[in-house]
Structure formats: C-alpha cells, structure tokens
Amino acid sequence: MSAERDARLDDPSAPDDGSAPASNPRRATVATLVALCCVGTFVIKWFVNQPRTFVGYGDVANYYTVARNLALGTGFQIDYVWNFLSDPQGMPTPSNVWWMPLPSLLCALGMKLGDVGYAAAQSSMIVLTSLVPWAVYLLGRDLFGRTSTGLLGALAATSFHLFMDQPCAPLSHGPYLLLSTWTLWLVVRAVRSDRWLPACGGAIALTQLARSDGVLLFVTLTIALLVAGRRPRLRAIVGTLAAYAVLMAPWWLHNLEVHGAIMPRGPLKAALMRTYPEWYSPPGAVSLESYLSEGWEPILQAKLEVGRRNLVTLATGMTSGATRRRQAWDEPSVVALMALSWLGAAFTLRRRFVFVWAHAAALWAFYSLLFTAVGPESFRTGVYSLYPFLILCAADALRRVSGWASPPWLHARRRTTASTVTCIAVLGWIGVGQFLFARDTLAGKGGDITRLGREFEALDQYVLQPRGLHDGVVMARNVHALHAHTGLRCVQIPYGDIDAIRDVARRFGVDHVLLQAAPGKPWWPAAFEQIDELPDFRPVLAPTMLGDRRVAIYRFEP
C-alpha cells in the first residue's frame with residue numbers, strides 16, 4: 001500500500017462516496033465470491049451441528065425455553081425461577097430480566113416457519129450467522145481499505161472454529177456477532193459521512209437487543225468521531241438517537257408494563273456481587289452493604305485478577321475460547337490463525353483503527369471493573385464482537401507476508417498472482433483444519449448433550465412422574481436445563497444458609513427438593529449436607545445412582 005493511500009485511509013474524515021476502492025475487481029465477481037463464502041459457511045455449520053439435537057445446561061436452555069413459549073403464544077414468561085436479585089414474586093415469572101429478547105425472538109420466528117422444537121431454533125441461528133462472511137468482508141474492505149483483505153477475511157470466517165459452535169446455538173452469540181460487525185462497519189462509514197449515522201443508531205439498538213453490552217458501541221461511535229475531529233450536524237445526531245429509540249421502544253414499553261421501568265433494576269445488582277455463586281443469592285442478600293462488608297482490599301484484588309484474565313482472553317481467545325480448550329492449543333490451524341492475528345494487529349496501531357481498540361477497552365472495563373463477578377465468562381462472549389476484526393488482522397498479515405515472500409524478479413502482475421495463490425493456499429489449510437476441529441468438537445458436545453437428555457428422560461420417567469412432582473413446585477439446581485428437558489415447574493436452590501432456603505421455598509410454594517451430585521461430591525449448597533437431620537425435610541427418595549449422578553428427593557413440610 002502506497003504512502004499516499006495509507007495517508008488517505010488514516011484520515012477518517014475523508015469524504016465517502018459509497019463505493020469500494022477503484023482498484024477492486026468487478027463488483028459482480030466480488031459479490032459472487034462473498035456469496036460463495038456465505039453459502040459455504042451455511043453448509044459447514046449445518047453439517048458440523050447435526051450431532052447437537054437439544055439443549056445442554058445454562059443459557060441455551062433459557063433462550064430455547066423463551067423461544068418455545070413465544071412460538072406457542074405465552075409471551076415473555078417462564079415457569080421456573082433461576083435468580084432472585086430481581087425479586088421475582090411468583091410463577092410464571094418474567095423471562096428476560098437478565099438476557100435480551102432478540103435471540104429468542106429469532107428462534108421463535110424459526111419455530112413459526114417450521115416446527116416448535118430445537119432443530120428450528122438452531123437452524124434459525126445457522127441461517128442468520130451464514131451472513132457473517134459478508135459482514136466481515138464489508139468491515140475489511142472499508143476499514144483496511146482493500147477488497148483483497150475483506151475477501152480473505154470472509155474466507156477465513158467461513159470455517160472459523162468458534163463461529164461453528166456457540167453462534168449456531170440458541171444463544172446471544174450469533175446475533176451479537178453479526179450485528180456488532182455490521183455496526184463497526186457502519187461506524188467506519190458514519191465517520192466519513194453523516195448519512196450513515198442514523199443507520200449506526202439502529203444497528204446499536206439491534207445489537208443491544210441481542211446482548212446488553214451492545215450499548216457500549218455508542219462509546220465506540222463517539223470515540224471514532226472524536227478521533228476524526230469531525231462534528232456531525234445536529235440533524236444527524238438527532239436521527240441517530242431517534243433510530244436507536246424507535247427500535248428500542250417496543251422493549252422499553254414491555255419493561256415499563258412488567259417492571260415499571262425501561263430497564264429492570266435487578267441486573268444492576270450484579271455489579272455488587274463479590275463472587276459468581278452470589279448470582280443465586282436469596283432476595284435482599286446482595287446490596288452495597290454486603291459488597292463493602294469485607295473492605296476494599298478483596299474488591300480491588302478481584303478486579304485486578306479478573307482484569308488480568310480478561311486480557312488473556314483478549315489475546316488468546318481465538319484459541320482458548322474453544323469448548324475443548326486444551327485440544328485447541330494442539331491444533332496447528334487454530335494457533336496459526338491466532339498468530340497471524342497478532343502479527344496483523346501490530347499494523348493496526350494507526351489512527352483509523354483507534355475506535356476498534358477503544359471498543360475492546362470499553363468491553364474490558366465493563367467486565368473487569370464494573371461487573372467483575374460475572375466478568376470472565378461474560379467477557380468471553382463479548383469478544384465475539386472483536387473476532388471479525390482479529391480475523392481481518394490475520395488476513396491482512398497474510399497478505400503482507402505473502403507479498404514480501406513473492407520472488408522479486410517476477411513481473412508485478414505475476415507477483416500479485418503468486419501472493420494471491422499463497423494466501424488462498426494458507427487459508428485453505430487453516431480452513432480445513434478448523435473445520436475438522438469444529439466437527440470433532442461438535443461431535444463430542446453432541447454426544448454429551450445426548451447423554452444429558454437421556455439422564456433427564458430417565459429422571460422424569462422413573463423419579464419425577466411416579467411421585468407426582470409435576471403437580472407441584474420443585475427446588476433444584478440447574479433449573480434452566482431441568483425445565484427445558486422435563487417441563488417441571490421449579491425454583492433454583494438459593495446460595496445461602498438453611499433459613500434462606502426455607503424462606504425461598506415458602507415464598508414460591510415449593511413442596512419438594514431435588515438434590516443431584518456427582519459420585520463422591522457433597523450436596524450443594526453446604527446447608528444440605530445435614531438435610532436428613534432437618535425435621536421439615538422428609539426423605540421421599542433415598543440417595544440413588546441415576547446414570548452418572550446421585551439423586552435424592554425430600555418433601556418440604558414447613
């Protein structure tokens with residue numbers, strides 16, 4: 001890239017004519033190549049996700065349950081209680097106090113077009129995230145200033161192993177990945193022309209509706225404008241805020257009706273949590289007083305430790321973010337792409353890339369300094385908004401290295417051809433390796449989910465139904481998955497002493513407690529270790545092995 005071209009690209013306020021650089025190949029050819037990447041990633045994702053036939057534990061079970069309820073017409077509510085920080089009053093309880101609604105809405109749309117089941121929900125995410133190579137191409141073309149970088153990035157994104165897994169499940173990862181990438185592209189455009197600012201506002205709203213930290217993209221946009229040294233017109237600013245408000249308004253109105261505010265207050269208490277288990281604290285247990293009860297020293301130590309872990313995730317997440325983290329480090333294609341991204345990142349310490357690194361800094365601060373207790377896992381998801389940029393860094397580094405390695409005695413056009421062939425060959429090797437790694441990962445995960453489903457089926461058939469537990473309310477652990485697999489009305493066992501557990505049980509009309517633990521492991525929480533000595537908990541099923549877990553049931557008689 002010439003010095004003049006670099007200087008023009010490093011001036012973010014340069015006028016935008018809405019077109020790609022003049023040296024691009026014909027647009028029809030580029031569009032065809034990008035479309036082939038999108039079709040290719042759809043085929044790969046559909047194939048590698050075949051072994052995953054239902055939900056596992058945690059978030060995916062919640063998103064799926066909400067989507068199923070929406071498809072069946074029961075609205076944003078669920079028949080189980082998993083968290084008490086928002087002070088739920090009974091069942092059914094509002095579903096999306098903590099998680100945003102767009103992922104479940106998209107899955108529900110898939111269920112409406114197909115069957116009300118997991119396959120339709122997963123297919124919705126596969127179809128949606130098949131557009132990721134297109135978004136990566138747009139960002140690469142306009143941010144890096146080269147169609148070749150955008151195309152190489154789109155090719156690398158086609159089989160990137162992390163994009164094959166979580167973004168294809170009913171989770172926030174898929175919509176967040178796609179929408180945040182589009183938003184970053186729109187920020188590049190908006191810095192050069194006010195006419196793109198309202199689109200930015202709308203894209204930020206959609207990203208926030210997928211995942212709450214999407215609102216941080218306003219910080220990204222603001223920093224991009226400040227670095228450009230350009231003051232947008234008032235009309236453009238109003239249009240940006242109006243587009244954001246229009247798309248957020250339906251959700252705000254829903255929250256006003258259900259919670260009395262445009263945003264539930266409960267999630268803000270996560271900033272006052274000292275440890276992750278406090279996520280399940282009983283009502284009123286998490287407060288400013290409890291947060292400060294042990295002084296500032298452990299608080300600062302926790303923030304420093306989480307901040308360190310999040311920096312490691314930022315640096316190594318393209319490998320360590322895998323479900324099979326240890327095996328990922330032994331896969332050459334996975335490590336190679338990450339190493340290329342490190343090299344490419346060194347070339348982005350320039351003016352036009354400042355806003356992307358500012359976005360990374362905002363995410364890091366959000367999940368290290370504010371929401372520290374949930375920071376490591378939340379940040380691990382948040383960096384999905386940065387992976388497309390890091391893939392483009394890898395693509396740009398590969399382009400540069402292949403250009404340097406081309407024989408200098410060749411004619412310029414032949415050197416370009418040699419460089420292109422080298423890039424495609426290297427990305428082909430990386431792509432095949434990442435595809436095989438993703439295939440093996442999803443095969444293992446699918447097997448685990450199948451075994452989990454059989455365990456829940458056996459639990460329901462041989463334990464819950466014969467004892468009539470579907471007629472009441474059961475207190476248990478892992479209530480997301482328990483409800484998704486069995487339909488049981490249930491309440492999470494709170495993180496507290498036995499008196500707190502009793503209070504929660506009375507509040508929600510719990511009549512039975514289901515305890516599960518791995519062999520040799522104690523019941524959770526520790527308050528249940530002496531449950532046989534508590535007069536108001538009467539054994540219904542003595543500890544019994546069911547599959548790979550110990551199971552026991554007690555009747556609660558307050």
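## Reading a predicted model, one feature at a time

Visitor: His480 lies in helix 21, residues 479–486. What counts as a helix here?

Guide: Helices are DSSP runs of H or I with at least four residues, strands are runs of E with at least two, and both are numbered from the N terminus. Before we go on: this is a predicted model, in which local features need pLDDT of at least 70 and side-chain atom pairs count only at pLDDT 80 or more, while totals for chains, interfaces and linings use all residues. Residues are numbered from 1 along each chain as its sequence is written, and side-chain values use heavy atoms, leaving out hydrogens and water.

Visitor: Is His480 buried or exposed?

Guide: We go by relative accessible area: under 20% is buried, over 50% is exposed, and partly exposed is in between (1.4 Å probe, protein chains only). His480 has 9%, so we call His480 buried.

Visitor: Which residues is His480 in contact with?

Guide: A contact means heavy atoms within 4.5 Å. Skip the neighbours within four places in sequence, and His480 touches Gly58, Ala61, Asn62, Tyr80, Trp82 and Trp99. With Tyr80 there is also a polar contact between the two side chains, at 2.8 Å. That term stands for a pair of N or O atoms within 3.5 Å; within protein, one must be able to donate a hydrogen and the other to accept it, and residues adjacent in sequence count only if both atoms are side-chain atoms.

Visitor: Now a whole helix. How many residues does helix 11 have, and how far does it reach?

Guide: Helix 11 (residues 217–228) has twelve residues, and from first C-alpha to last it reaches 16 Å, close to the 16 Å expected. The expected span is 1.5 Å times one less than the number of residues.

Visitor: Which residues of helix 11 are buried?

Guide: Look for Leu217, Phe218, Thr220, Leu221, Ala224, Leu225 and Ala228. They cover an arc of only 160° around the axis, so they sit on the same side of helix 11. The arc is taken from the directions from the helix axis to the C-beta atoms. Packed against these buried residues are helix 9 (173–192), helix 10 (197–210), helix 12 (234–259) and helix 17 (354–370).

Visitor: How many residues of helix 18 are buried?

Guide: Helix 18 (residues 375–382) is mostly covered, with seven of its eight residues buried. Among them are Phe379 and Arg380. The buried residues of helix 18 pack against helix 9, helix 14, helix 15 (325–328) and helix 17.

Visitor: What about phi angles and peptide bonds?

Guide: Most residues other than glycine have a negative phi, and most peptide bonds are trans. Asp87 isn't a glycine, yet has a positive phi of about 55°. You'll find Asp87 in the loop between strand 2 and strand 3, partly exposed at 35% relative accessibility. Asn478 isn't a glycine either, and its phi is positive, about 50°. Asn478 sits in the loop between strand 4 (474–476) and helix 21, and is partly exposed at 32%.

Visitor: Where are the cis peptide bonds you want me to see?

Guide: One joins Met91 and Pro92, with omega about -5°. Pro92 is in the loop between strand 2 (80–81) and strand 3 (93–94). Another joins Trp524 and Pro525, also with omega about -5°. Pro525 is in the loop between strand 6 (512–517) and strand 7 (537–546).

Visitor: How many disulfides are there?

Guide: A disulfide is a pair of cysteine sulfur atoms within 2.5 Å, and a search of the whole structure finds zero. Take Cys38: the closest cysteine sulfur, in Cys37, is 6.9 Å from its own, so that is too far for a bond. For Cys423 the closest cysteine sulfur is also in Cys37, 14 Å away, too far for a bond. Cys423 is buried, at 3% relative accessibility.

Visitor: Last one: what pLDDT does the protein average?

Guide: pLDDT is the predictor's confidence in each residue, from 0 to 100. The protein averages 91, and 95% of the residues score at least 70. Over residues 15–24, though, pLDDT stays under 50. Where pLDDT is low, the predicted coordinates should not be read in detail.
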